[in-house]
Amino acid sequence: MSMDGEDFSIGQPDELSVLVIQLFKGPIYRDSHEKLWEPLARHRRRVADHVAVLGLRLEVDETDGYAYLRSLREGESEIEYPRLIARHTLSFATSLLIALLRKHLLEFDTSSAEVRLVLSRDQILDLVRIYAPPNQDDIKLGREIDRHIKRVEELGFLHRLRGSDDQYEVRRIIRAFVDGQWLGEFDRRLREYLDDDVDAKPDADLDDDHVATGAHDAS
């Protein structure tokens with residue numbers, strides 16, 4: 001049996017090992033991990049049992065075509081496991097971008113028959129621009145947004161299209177992590193931010209368990 005061009009013979013990892021290793025590296029997507037998706041379906045229970053001993057849960061979305069690992073939440077186990085997946089605090093600006101992308105995807109799904117939401121770098125910039133200070137320099141703002149785009153890419157919520165420098169697909173896995181509770185809390189903080197002096201307002205951090213990708217919990 002081969003996977004990704006490898007022949008699993010003596011000295012080679014089996015399918016279960018490859019699947020678990022990939023999931024610890026990040027989500028498995030049906031469209032970009034074609035050779036892993038079918039073995040994942042066959043070994044789903046084995047993978048789930050394997051990661052469960054580490055206090056992790058396998059989540060698979062058959063409709064949108066992705067799978068990932070997350071830490072067990074309170075009440076899902078009688079055992080209190082040490083945290084294996086690292087948590088990351090996101091800056092206010094990165095959290096703002098994530099929230100705007102999630103809301104834009106919701107609007108897209110209700111108004112378009114297309115499956116993939118693709119945005120250009122300029123379109124992403126326009127989403128954020130209205131929250132920037134009125135005297136913000138466009139070049140400086142562009143550099144800052146590029147930095148936050150890269151961070152959201154690392155989290156797995158944006159995927160740069162192959163052969164393009166400024167076209168990004170909004171990954172549907174964002175729906176699994178950015179839920180109504182997270183958005184509600186962020187909207188509250190955003191209102192506080194806008195009610196204050198935006199020129200003097202420092203970045204605020206969101207500390208929440210609902211944002212995570214692959215083998216990372218982001219908050």
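Helix α5 (residues 121–129) lies across β7, β8 and β9 and runs at about 80° to β7. Contact here means heavy atoms within 4.5 Å. Axes are lines fitted to C-alpha atoms, for helices over the stretch in contact, and angles run from 0 to 180 degrees between N-to-C directions. Helices (H or I, at least four residues) and strands (E, at least two) are DSSP runs, numbered from the N terminus.

A word on the ground rules: this is a predicted model, in which local features need pLDDT of at least 70 and side-chain atom pairs count only at pLDDT 80 or more, while totals for chains, interfaces and linings use all residues. Residues are numbered from 1 along each chain as its sequence is written, and side-chain values use heavy atoms, with hydrogens and water left out.

The strands β7, β9 and β8 make an open sheet in the order β7-β9-β8, with antiparallel pairing. Its edge strands are β7 (118–120) and β8 (158–160), each of which pairs on one side only. From one strand to the next, the twist averages 35°. Two strands count as paired if DSSP finds at least two bridges between them. Strand β9 (residues 167–170) is joined to β8 by three bridges in the antiparallel sense, and within this pair H159 stands opposite E169 of β9.

**The other three-stranded sheet**

A further open sheet has three strands in the order β3-β5-β4, again with antiparallel pairing. Here β3 (28–29) and β4 (56–61) are at the edges with a single partner strand each, so one side of each has no neighbour in the sheet. Helix α3 (residues 44–52) packs on this sheet and touches β4 and β5, and its direction makes about 150° with that of β4.

| Strand pair | Sense | Bridges |
|---|---|---|
| β3 and β5 | antiparallel | two bridges |
| β4 and β5 | antiparallel | six bridges |
| β8 and β9 | antiparallel | three bridges |

At the residue level, Y29 has Y66 as its bridge partner in β5, while V60 stands opposite A67 in β5. Strands β4 and β5 form a hairpin with four residues between them, and G65 in that turn has a positive phi of about 75°.

How well covered is β5? Strand β5 is mostly covered, as six of its six residues are buried. Buried means under 20% relative accessible area, exposed over 50%, and partly exposed in between (1.4 Å probe, protein chains only). Take Y68, which lies in strand β5: its relative accessible area is 6%, so Y68 counts as buried. Y68 and L58 are 10 residues apart in sequence and 6.0 Å apart in space, C-alpha to C-alpha.

Helix α4 (residues 92–111) packs with α6 at an angle of about 65°, and their axes are 9 Å apart. The two helices are therefore roughly perpendicular to each other. On the scale used, angles under 35 degrees count as roughly parallel, over 145 as roughly antiparallel, 65 to 115 as roughly perpendicular and the rest as oblique. On the α4 side the contact is made by A93, T94, L97, I98 and L101, and on the α6 side by H148, I149, R151, V152 and L155.

Is H148 buried or exposed? H148 counts as buried because its relative accessibility is 9%. With its neighbours within four places in sequence left aside, H148 is in contact with S91, A93, T94 and L97. With T94 there is also a polar contact, side chain to side chain, at 2.9 Å. A polar contact is a pair of N or O atoms within 3.5 Å; within protein, one must be able to donate a hydrogen and the other to accept it, and residues adjacent in sequence count only if both atoms are side-chain atoms.

**The whole chain**

Zooming out, the secondary structure of the chain comes to eight helices and 11 strands. Of its 219 residues, 42% count as buried. Among contacts between residues at least 6 apart in sequence, 64% join residues at least 24 apart.
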